[in-house]
Amino acid sequence: MSEGDRAHPRAALDAASVRDAYRRWAGIYDVVFGGVSAPGRRRAVAAVNRLSQTAGRRVLEVGVGTGLALPDYKPELEVVGIDLSRDMLLKAKKRVAEEKLSAVHGLMEMDAESMAFADDSFDIAVAMYTASVVPDAKKLFAEMSRVVRPGGQLLFVNHFAADDGFRWWLERTTSPLARILGWHPDFKLSDIFTPETQIERMEACPPIALFTLVEVRNEG
Ligand SMILES: C[S@@+](CC[C@H](N)C(=O)[O-])C[C@H]1O[C@@H](n2cnc3c(N)ncnc32)[C@H](O)[C@@H]1O
């Protein structure tokens with residue numbers, strides 16, 4: 001543990017604290033976070049729609065939440081969404097029914113760190129604002145790699161911690177609040193990827209490049 005870690009110990013997130021946090025967030029999530037996170041979500045789904053032309057149409061959305069991204073998928077895709085929070089999923093299911101979203105083939109309560117899907121079940125998996133929320137992002141990455149066929153695509157859009165400056169200070173200072181917030185404010189690229197990860201493309205997303213879209217070729 002470094003001096004910095006001792007000064008701001010990272011609060012552990014577990015499945016129970018994620019469920020608790022998102023039970024509280026579910027009713028107000030779209031109003032509080034829908035707007036600021038919309039550009040990154042739109043870019044991620046646009047990338048999925050583009051990549052599906054070559055990668056294939058079977059798409060897994062991990063941590064689908066209230067389903068804010070679901071209306072933007074091309075109708076010919078076969079999208080399955082999973083989430084740990086029943087309360088968030090209920091909102092997503094209502095959205096699918098009300099908007100008659102034909103691309104959505106299933107919404108399931110499931111832990112992204114231990115999925116019930118067979119190997120190679122999908123061509124693309126996307127996690128929007130979810131990697132910094134799951135208790136163990138490296139397990140999330142391993143599971144997404146397992147359920148996507150080799151050569152398929154893994155996409156992430158997330159806030160990644162700054163290296164220095166005011167944002168770094170703010171992220172370090174708020175990191176002990178992870179269990180209340182429901183995410184790790186000081187989440188870093190290295191919390192999910194290794195130096196060997198084949199990152200194909202990174203794109204800064206508004207507002208003020210706060211979020212980054214990362215495309216990875218699945219090595220299986
Ligand atoms: C910040 S929200 C993002 C929701 C949605 N992707 C969006 O763009 O608005 C994070 C979501 O990840 C879900 N989540 C956290 N840990 C999870 C896990 N281990 N398995 C599945 N879903 C998880 C939470 O319940 C929550 O709905």
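Predicted model: local features only at pLDDT ≥ 70, side-chain atom pairs only at ≥ 80, totals over all residues.

Q: Which polar backbone atom lies 2.7 Å from a nitrogen atom of the ligand?
A: Polar contacts are read as pairs of N or O atoms within 3.5 Å. Here the backbone atom belongs to Gly-63, at 2.7 Å from a ligand nitrogen. A backbone N or O atom of Met-128 is placed 2.8 Å from a nitrogen atom of the ligand. For Leu-84, a polar backbone atom and a ligand nitrogen are 3.1 Å apart.

Q: How much of the accessible area of the ligand does the protein cover?
A: The ligand on its own has 600 Å² of accessible area, and the protein covers 98% of this.

Q: Which residues form a nonpolar patch on the surface?
A: The patch consists of Ile-28, Val-31 and Val-32, and together they have about 290 Å² of accessible area. Val-32 belongs to helix α3. With a relative accessibility of 43%, Val-32 is classed as partly exposed, because that class lies between 20% and 50%.

Q: Is Asp-191 buried or exposed?
A: The test for a buried residue is a relative accessible area under 20%. Asp-191 has 19%, and therefore counts as buried. Asp-191 is located in the loop between α7 (178-181) and β6 (199-205).

Q: What does the side chain of Asp-191 reach?
A: The Asp-191 side chain comes to 2.8 Å from the backbone nitrogen of Lys-188.

Q: Where is Asp-136 found?
A: Asp-136 occupies the loop between β4 (122-128) and α5 (137-147). Its relative accessible area is 29%, so Asp-136 is partly exposed. Asp-136 and Glu-113 are 23 residues apart along the chain, while their C-alpha atoms are 7.4 Å apart.

Q: What is the phi of Asp-120?
A: As a rule, most residues other than glycine have a negative phi. Asp-120 is not a glycine, yet its phi is positive, at about 60 degrees. Asp-120 sits in the loop between β3 (104-109) and β4. At a relative accessible area of 37%, Asp-120 is partly exposed.

Q: Where does Ile-208 lie?
A: Ile-208 is in the loop between β6 and β7. Its phi is near 40 degrees, a positive value in a residue other than glycine.

Q: Is Ile-208 buried or exposed?
A: A residue is called exposed when its relative accessible area is over 50%. Ile-208 has a relative accessible area of 75%, and is therefore exposed.

How values were computed: Residues numbered from 1 in each chain as written. Heavy atoms only, no water. Polar contact = N/O pair within 3.5 Å; in protein donor to acceptor, adjacent residues only side chain to side chain. Areas by Shrake-Rupley, 256 points an atom, 1.4 Å probe, with all protein chains shown as cover. Patch = residues over 30% accessible without salt bridge, like charges linked within 9 Å, V, L, I, M, F, W, Y side chains within 5 Å. Salt bridge = Lys/Arg side-chain N within 4 Å of Asp/Glu carboxyl O. Helix = DSSP H or I, 4+ residues; strand = E, 2+ residues; numbered from the N terminus. Buried < 20%, exposed > 50% of the residue type's maximum accessible area, 1.4 Å probe, protein only.
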